[in-house]
Amino acid sequence: MEAVGTDFLWYPYIPLGKITIMLADPGVGKTTLCLKLASIVSRGEHFYLESENPFVKREPGFVIYQTAEDGIADTIVPRLQSMKANLDNICVINEGKQALTFTDARIEQALKDKHPRLMIFDPIQAYLGSDLDMHRANEVRPVLTELSRLSEQYKCAMILIAHMSKMSSNSALYRALGSIDIVALARSEIILVNKPDDPDKHKLMTHEKSSLAAHGDSIEFHIDYEAGGIVFDGISDLKADDILGQRKEKKRSTFALDEAVEFLQEMLQTGSADRDSIFKEADERGIKHTTLYEAKKALKILNKTDGRRKEKTTIWYYKGYMEPKNNIFSPE
């Protein structure tokens with residue numbers, strides 16, 4: 001079910017005021033798809049599958065598109081023109097004299113000045129900053145938490161494009177390069193993959209994480225710049241793991257663990273959470289406590305206990321979030 005009070009740029013794939021991760025290998029079409037989304041917003045058009053709903057109305061919106069991988073003048077603008085985008089509604093924060101990072105004050109200033117409906121960063125590692133290790137949760141979390149705050153405050157959908165890691169043992173959900181906190185802090189994750197029967201042409205957009213609504217259908221598409229850049233070809237029953245091969249190798253118990261891992265990432269998105277609250281929500285979602293403890297171990301989550309007997313409280317938290325002193329640690 002849709003979360004109360006949640007609005008969407010493209011239901012249910014891209015929530016407004018939240019971060020969406022778009023994950024793909026090079027050459028699958030993530031930049032082209034994001035430019036298509038920017039074009040749709042700039043013209044006030046309907047997204048794919050929305051056109052069947054006469055009650056959904058759109059107005060042109062503003063887009064900020066930041067890219068460190070393609071030239072603006074020789075690549076981005078010509079592609080947008082081929083998609084008939086309204087270029088008056090699309091801009092970029094100038095990085096000619098100073099590289100942009102997620103902690104740069106120019107981001108909030110642009111949000112204040114332009115009130116964009118959509119902001120895209122391509123790719124995420126280019127905007128984390130050279131001094132930050134994207135594999136360290138305690139470094140990534142505060143930066144993306146602040147970006148998430150800005151997204152919510154200014155009601156702007158933010159898409160962070162990420163490269164896929166080569167760790168084929170992981171499910172598709174956790175294949176983003178860097179700390180798992182990158183996926184944990186996002187409210188939605190979209191993964192693009194090549195279809196195995198025709199990888200040079202046909203692509204698949206899958207909705208692998210959806211914290212605010214039911215998962216959306218997987219959508220087939222192909223790239224054709226003479227036909228508007230992205231051509232959507234219909235829905236599919238396939239998910240990313242079906243193509244990447246992970247689902248066939250997994251046992252049902254492994255899927256339960258993946259669900260528990262994602263659940264804990266959601267519960268600890270601020271860095272810590274009360275254990276009783278975690279257990280209560282897990283019970284409501286049908287997640288077993290034994291599986292929850294397996295997920296806790298996999299994520300290297302720590303715990304501290306204060307008080308005794310009826311007054312005893314236990315907090316689960318990520319390493320680096322707090323420095324407990326004079327606390328009683330339980331051996332969970």
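User: A salt bridge needs a side-chain nitrogen of Lys or Arg within 4 Å of a carboxyl oxygen of Asp or Glu. What makes Glu 146 and Arg 149 a salt bridge?

Analyst: First, a caution: this is a predicted model. In it, the closest N and O atoms of Glu 146 and Arg 149 are 2.7 Å apart. The cut-off is 4 Å, so the pair qualifies. The two residues are three places apart in helix α4, so about one helical turn separates them.

User: What makes Glu 220 and Lys 195 a salt bridge? Are they buried or exposed?

Analyst: Their closest N and O atoms lie 3.2 Å apart. That meets the 4 Å limit, so the name applies. Glu 220 sits in strand β10, and Lys 195 in the loop between β8 and β9, so the pair ties together parts that are 25 residues apart in sequence. Buried means under 20%. Glu 220 has 15%, so it is buried. Lys 195 has 10%, so it is buried as well.

User: How do you know whether Ser 218 is buried or exposed?

Analyst: Its relative accessible area is 1%. The limit for buried is under 20%, so Ser 218 is buried. Ser 218 belongs to strand β10, residues 218–224. Its contacts beyond four places in sequence include Leu 204, Thr 206, Gly 234, Ile 235 and Leu 238.

User: What makes Ser 218 and Leu 238 a polar contact?

Analyst: A polar atom of the Ser 218 side chain lies 2.6 Å from the backbone oxygen of Leu 238. The limit is 3.5 Å, so this distance falls inside it.

User: Which residues touch the most other members of the largest nonpolar core?

Analyst: They are Phe 102, Ile 107, Met 119, Phe 121, Leu 144 and Leu 160, out of 36 residues. Elements that supply at least two core residues each include β3, α3, β6, α4 and β7. Helix α4 gives the most, with five. Another core, of 35 residues, lies apart and includes Leu 33, Ile 76, Ile 230 and Phe 232.

User: What does Leu 160 touch?

Analyst: Neighbours within four places in sequence are left aside here. Among its contacts are Ile 19, Ile 21, Phe 102, Phe 121, Ile 124, Leu 144 and Leu 147. As a rule, nonpolar side chains tend to be buried together in soluble globular proteins.

User: Why are β4 and β6 called paired?

Analyst: Two strands pair if there are at least two bridges between them. β4 and β6 have five, in the parallel sense. Tyr 65 stands opposite Ile 120 in β6.

User: What makes β5 and β11 edge strands?

Analyst: Nine strands form an open sheet of mixed pairing, in the order β5-β4-β6-β7-β3-β8-β9-β10-β11. β5 and β11 each pair on one side only. Helix α3 lies across β4, β5, β6 and β7, at about 150° to β6.

Technical notes
Residues are numbered from 1 along each chain as its sequence is written. This is a predicted model: local features need pLDDT of at least 70, side-chain atom pairs count only at pLDDT 80 or more; totals for chains, interfaces and linings use all residues. Side-chain values use heavy atoms; hydrogens and water are left out. A nonpolar core is a set of buried Ala, Val, Leu, Ile, Met, Phe, Trp, Tyr and Cys residues joined through side-chain atoms within 4.5 Å. Buried means under 20% relative accessible area, exposed over 50%, partly exposed in between (1.4 Å probe, protein chains only). Helices (H or I, at least four residues) and strands (E, at least two) are DSSP runs, numbered from the N terminus. Contact means heavy atoms within 4.5 Å. Axes are lines fitted to C-alpha atoms, for helices over the stretch in contact, and angles run from 0 to 180 degrees between N-to-C directions. A polar contact is a pair of N or O atoms within 3.5 Å; within protein, one must be able to donate a hydrogen and the other to accept it, and residues adjacent in sequence count only if both atoms are side-chain atoms.
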